[in-house]
Amino acid sequence: MSMTPLQRWVEEQAKLTKPDRIWWCDGSEEEARRLVEAGIKDEKIAGNPVFHELNQKTFPDSYLHRSHPTDVARAEHLTFVCHPDKELAGPNNNWMAPDEAKEKMRKLSDGCMKGRTMYVLPYMMGHPQSPYAKACIQLTDVSYVAVSMRIMTRMSKSVIDKIGGGDFVKGLHSVGDFNPEKRFIMHFPDEHFVWSIGSGYGGNALLGKKCFSLRIASWLGRQEGWLAEHMVIVGMQDPEGRTTYITAALPSACGKTNLAMLESALPGYKVWTLGDDIAWLNVGSDGRLWAINPEAGFFGVAPGTSMKTNPNMMKTLKKGTFYPTLFTNTALDTDKNEPWWEGLDGGMPKNMLDWQGRPYDSASGQKAAHPNSRFTVSMSQCPVLSPEFDNPKGVPISAILFGGKRTRVAPLVVEGLNWQHGVFMGARMGSETTAAAIHKEGVLRRDPMAMLPFCGYNMGDYFRHWLDIGKKLEAPPRIYSINWFRTDETGKFIWPGFGDNIRVFKWIIDRINNKASAKETLVGLVPNIDDIDLSGLNIPRDKMEKLFEIDKAEWRREADDTEKLFDRFGSRMPQELRDELKRMRAKL
Ligand code: OXD
Ligand code: MN
């Protein structure tokens, strides 16, 4: 019998990478148990076994993974989008010509899997029955990635039948020798192909996530008329029992995962989780915008996660109904054999190993867990998972939120005047960097739609695509900007955040249902203070007013900075958004 294109492709990659054996995965639990066992007994990374079994009573089916010490985060400077034409990649991407990139990767990949197993992972991004889902294959040479993909995607043998003799999304991944000098994450958008070497870290190695579901998918979406976005998806149930679906784009480290499973401080409201990182948005036949989450798992930052900040996530992590749950680069409480990170409930354990497995000395001033330590866990374990999560159609979206961390300038919440004005708000989004990032603390980084590291083509064209999608929507969602992080003169956050954020969502839901008022300002519509339900809260009126203060001098600087951003995209920047900026300036 002749080979299918899939078999032929796998064979070609094996010829180049030269693994000792090829393992076609079926995505079953039994297989995952065998992979984890192999990771405990046979495989090593930087001298450590790939997996360490954690306390099975308190953290059922959980394992700790320690990465190579240089391999702890996304490597944006080593990430390339290889369109045939540099202009297509835009100033927002690193670019290399496809042939040159492939030649480079071929050299680095020659024999890179020698002595290892090549795992063939068949998986779907999106529900298999969804018209918006995509069938994918990733090859990898480390059990950690194979097991992580079982958690993060819908992995199943049936995907191979689905592909049949047809097309599929391709990913070739090898950890190589973890040498950062030989680490690259290359995207070939026209071939639906991602080629990654030298890193086992989530965003660099779980190719269904940022690489495919955002960078390549955003390009597919441009060609096919949909949007791939860096967004949370939630359903907000109100006291009348109605659920309003909302998506929200926030840059990394702004509390996206906490927002995705918020515990309401107001009675009668409940938040249902559909996704914490990625949304694919399609125009439905009813003229509304419909969202699906292509993923099936959470890959979240551990430090700061606790019963206080995110009780639903803590419950998700300890449920133990979907095998397995992974912790990566957390510390280890050796008395309890439990994962530990800064910000976890309770005091600091007496005896710990740090994220690299070294005895931890709290007097060292170092962190025990890596600041970017992570958990990987199935969404099915989430106690507030939306009943609509597995609906192949997705959910209809009534509002899109753009947020960031701004200690000054940006009001608590602003409603856009219309779709175009809302796109303008998203395009000039920015966030102040925290000490955890490489950048200096308190520096504003523009991150349009939170997509700057993830848009797989020229962002000028991307803004144009957003405007075009708006034209196709008969009932477009309203667009809002949100900011929980405004501080007072002493540097303290004014807004309590967390579960109290529901008060802002209540106003948004009431706006959608024409039940709340708003007043027009220079930058859009904001609530009157009395429109926000502050019952049970004790924020003085002048502080509330401060949350909505619009300082003209600051906003002039904001306009200047926005213009600089827009200028980066030159003639590809849509005139409509420049007009919005002009209108804002005129008002100032
Ligand atoms: C993530 C990120 O890991 O945005 O989700 O970096
Ligand atoms: Mn993200």
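Start with R74: an N or O atom in its side chain sits 2.9 Å from an oxygen atom of ligand 1. That is a polar contact, meaning a pair of N or O atoms within 3.5 Å. On its own, ligand 1 exposes 210 Å², and the protein buries 89% of that (accessible areas come from the Shrake-Rupley method with a 1.4 Å probe).

Before going on, keep in mind that this is a predicted model, where local features need pLDDT of at least 70, side-chain atom pairs count only at pLDDT 80 or more, and totals for chains, interfaces and linings use all residues. Residues are numbered from 1 along each chain as its sequence is written, chains are lettered from A and ligands numbered from 1 in the order in which they are written, and side-chain values use heavy atoms, with hydrogens and water left out.

Now look at the manganese ion (ligand 2). K210 (NZ), H230 (NE2) and D277 (OD) coordinate the manganese ion, at 2.2 Å. Donors are N, O and S atoms within 2.8 Å of the metal (3.2 Å for Na, K and Ca), and since water is not among the atoms, sites may look incomplete. Along the sequence, these donor residues follow the spacing K-x19-H-x46-D. K210 lies in helix 8 (residues 208–224) and H230 in the loop between strand 13 (227–229) and strand 14 (231–237), so the pair ties together parts 20 residues apart in sequence. Helices (H or I, at least four residues) and strands (E, at least two) are DSSP runs, numbered from the N terminus.

Are K210 and H230 buried or exposed? K210 counts as buried at 6% relative accessibility, and H230 does at 2%. Buried means under 20% relative accessible area, exposed over 50%, and partly exposed in between (1.4 Å probe, protein chains only).

Finally, there is an open sheet of five strands, in the order 4-5-20-24-19, with mixed pairing; two strands pair if DSSP finds at least two bridges between them.

Methods: Polar contact = N/O pair within 3.5 Å; in protein donor to acceptor, adjacent residues only side chain to side chain.
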